[in-house]
2 protein chains.
Amino acid sequence: MTATIRDVAQRAGVSVATASRVLTGSRKVSPILAERVNEAAAALDYRHNAVARALRRGHTNTVGMIVPEIGNPFFPAIVEAVERRLQGTGRDLFLCDAQQDVAIERHRVHALIARQVDGLIIVPVSATASRAALADIPGSVPVVQVDRFVEEFAADWVGVDDELGIGLAVEHVASRGAHTIAFVSAALESSSALQRHEGFERAIARLGLPSDFPRLLGTYRAEWGRAAAIELLHSGALPDAVVCGNDEIAVGVLGEFRRRQVHVPDRVLVTGFDDIRFAALADPPLTTVRQPHEQLAAECIRLLDARLADPQTPVQRTAIAPTLVIRESTGGAS
Amino acid sequence: MTATIRDVAQRAGVSVATASRVLTGSRKVSPILAERVNEAAAALDYRHNAVARALRRGHTNTVGMIVPEIGNPFFPAIVEAVERRLQGTGRDLFLCDAQQDVAIERHRVHALIARQVDGLIIVPVSATASRAALADIPGSVPVVQVDRFVEEFAADWVGVDDELGIGLAVEHVASRGAHTIAFVSAALESSSALQRHEGFERAIARLGLPSDFPRLLGTYRAEWGRAAAIELLHSGALPDAVVCGNDEIAVGVLGEFRRRQVHVPDRVLVTGFDDIRFAALADPPLTTVRQPHEQLAAECIRLLDARLADPQTPVQRTAIAPTLVIRESTGGAS
DNA sequence: CCAAATTGGGTAAACGTTTACCCCTTCCTT
DNA sequence: AAGGAAGGGGTAAACGTTTACCCAATTTGG
């Protein structure tokens, strides 16, 4: 069996209180005894039991994070940034994947809550169907939503201003001469899909562009981009530009256009959203709306800590303005 | 304060034992009392405290997983497969990211061990420098290494046969007429880099191909692929084929070649390793060595459970044969 | 030099569960 | 009808820590 603090205390000839004190440094202990305790701990290969400690202390020094789908490269990027922020605060991040399924997402919430995480960071799968999961979080545990949010649910949120982001993309392709613009994105399930769609409609209206070109809504994946590209080609009238809801879709669109010899950007302009690692490596390199991961993560942890410090803090929603990164898929810089 | 089982018992007018029994279903309880307990639990919004439960029961129903870098899309793919396998076994997966740093990796191991995970799945950062981290895992907790392993360390492993995989790639490009072949991969730090390098050398020797073409070793990232491609171009004699240590590198190589108008596959053949999501979307679509995620995950859980059932089980290392996926970057099918 | 404060040690309660053990009914079995 | 088994309830110990509280010894201050 693995050694307990009791064993350590016994071997060192001190009380468990003393052992605990030297092991955690919670109070001063005479150097002689401290030395003995440390020796005993080393000799017994003692590891503290964080479960017992958490039970007694009432907190776990753990924050849980749930993302909709870890396979979507945007989320790992956010996770890495959050992890860096958490570094050095003495807390560990445990990551869970909801597999794009609100039932699994809810299960993850329960698992994390049961394990008494000190806080929860979540990118909700759905703007509406994730409400049940979020609602199961007791008021005593701080939650912050990142990137996506649940509608009409009172919890902190930090993300990019999706409407503005899509607006940048639309304005950019318009400035490059595009008049007819199609929109390929994910079904209006997640808040980001909703907001980006909204942003597209508004931008089109604002610029007085024709609004009878297709909005194709599927999933945030490249396969969907491919399929949508085919649909656009079959529909006859190819638009001047295709604004995509994220980079994966855009990469799929690019791939299909390439396969069918539709030249980008000469024949069609294409834009993405997120600026994932692969965007710059696509062919042609993808013009996209960059999400500032580090800022998002920083704000996320700030919100979490604020709520941790004072649970009564009013709910905050922080929208950060994204920036446009111009690459070859819309004709390149200049 | 959140309600405890004591509160539930009190409200239901039963003992905590009875409450616990109905809440966990561990023993039969009369329907009348069971009803009362359930009502009380619902009324108080009772959530069981998994920390207390784990302390008492001695296990957590949690398995921990540590990957070198969650931003490398190969790992999320493995994670997803593992998660699916774990589904329905009543255990939850907590994922941690080592950020390619053995010190952080070791910290993650400690964090997970302290929290009493029932098992640990790890993709070690380094074949040598990760030994310290692995050595810190007490013998009482089952560990299985996936994809990569620590040299001369007695712990289960499951992965793909890297040597064989690279062999497939080399043989394939050779069969397409490549005579001079360069190898672009990661520095010989991780076991996969070591094995793939070894596989390359052996295949070259076996086929009697010239061995004086460059081996460029950097990182498993696209930027390195770009840099290596530039190096190859500057070195004068461009090889007939470039075999890459993973898909990200290959995508970088492809990107740079495209930018410099070096045609793939007409001028150079390029292969990758892993078959990540983007491999098929690269330009041209990438010929690569496919890792069978589902099989890897299945074997991983099998190993973990075997060791859980009997800690004395002899150490097993399972190498699964990968398959070659032929795409345009080597001339396409047929 | 005495009172007060400080230091450094120990005892035991508490955190929230689960479950071994005990006890009282009730129901079979012969 | 007696004996035993089975069913269903409760009490309390245990899991491994941390820490409030207590106490003795020492130091400090006037």
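View 1. Q100(A) counts as partly exposed because its relative accessibility is 38%, where partly exposed lies between buried (under 20% relative accessible area) and exposed (over 50%), with a 1.4 Å probe and protein chains only. This is a predicted model, in which local features need pLDDT of at least 70, side-chain atom pairs count only at pLDDT 80 or more, and totals for chains, interfaces and linings use all residues. Residues are numbered from 1 along each chain as its sequence is written, chains are lettered from A and ligands numbered from 1 in the order in which they are written, and side-chain values use heavy atoms, leaving out hydrogens and water. The loop between β2 (92–97) and α6 (102–114) of chain A holds Q100(A); helices (H or I, at least four residues) and strands (E, at least two) are DSSP runs numbered from the N terminus. Phi of Q100(A) is positive, near 60°, although the residue is not a glycine. In chain B, Q100(B) sits in the loop between β2 (92–97) and α6 (102–114), has a phi of about 60°, and is partly exposed at 39% relative accessibility.

View 2. The bond from V264(A) to P265(A) is cis, with omega near 10°. P265(A) belongs to the loop between α11 (247–259) and β9 (269–274) of chain A. In chain B, V264(B) and P265(B) are joined by a cis peptide bond with omega about 10°, and P265(B) lies in the loop between α11 and β9 (269–271). Most peptide bonds are trans.

View 3. E248(B) is part of helix α11 (residues 247–259) of chain B and counts as buried, with 10% relative accessibility. Apart from neighbours within four places in sequence, its contacts (heavy atoms within 4.5 Å) include R277(A) from chain A, and G71(B), Y220(B) and I276(B) from chain B.

**View 4. Protein around DNA strand C.** A residue is near the strand if one of its heavy atoms lies within 4 Å of it. There are 29 such residues around DNA strand C, of which T18(A), R21(A), S30(A), I5(B) and R56(B) come nearest. A polar side-chain atom of R27(A) is 2.6 Å from a base nitrogen of DNA strand C, and a polar backbone atom of A52(B) is 3.3 Å from a base nitrogen. The side chain of R53(B) places an N or O atom 2.6 Å from a phosphate oxygen of DNA strand C.

**View 5. Protein around DNA strand D.** Among the 29 residues surrounding DNA strand D, the closest are I5(A), R56(A), T18(B), R21(B) and S30(B). A polar side-chain atom of T18(B) lies 2.2 Å from a phosphate oxygen of DNA strand D. The side chain of R27(B) has a polar atom 2.6 Å from a base nitrogen of DNA strand D, while an N or O atom in the side chain of R21(A) is 3.4 Å from a base nitrogen.

Methods: A polar contact is a pair of N or O atoms within 3.5 Å; within protein, one must be able to donate a hydrogen and the other to accept it, and residues adjacent in sequence count only if both atoms are side-chain atoms.
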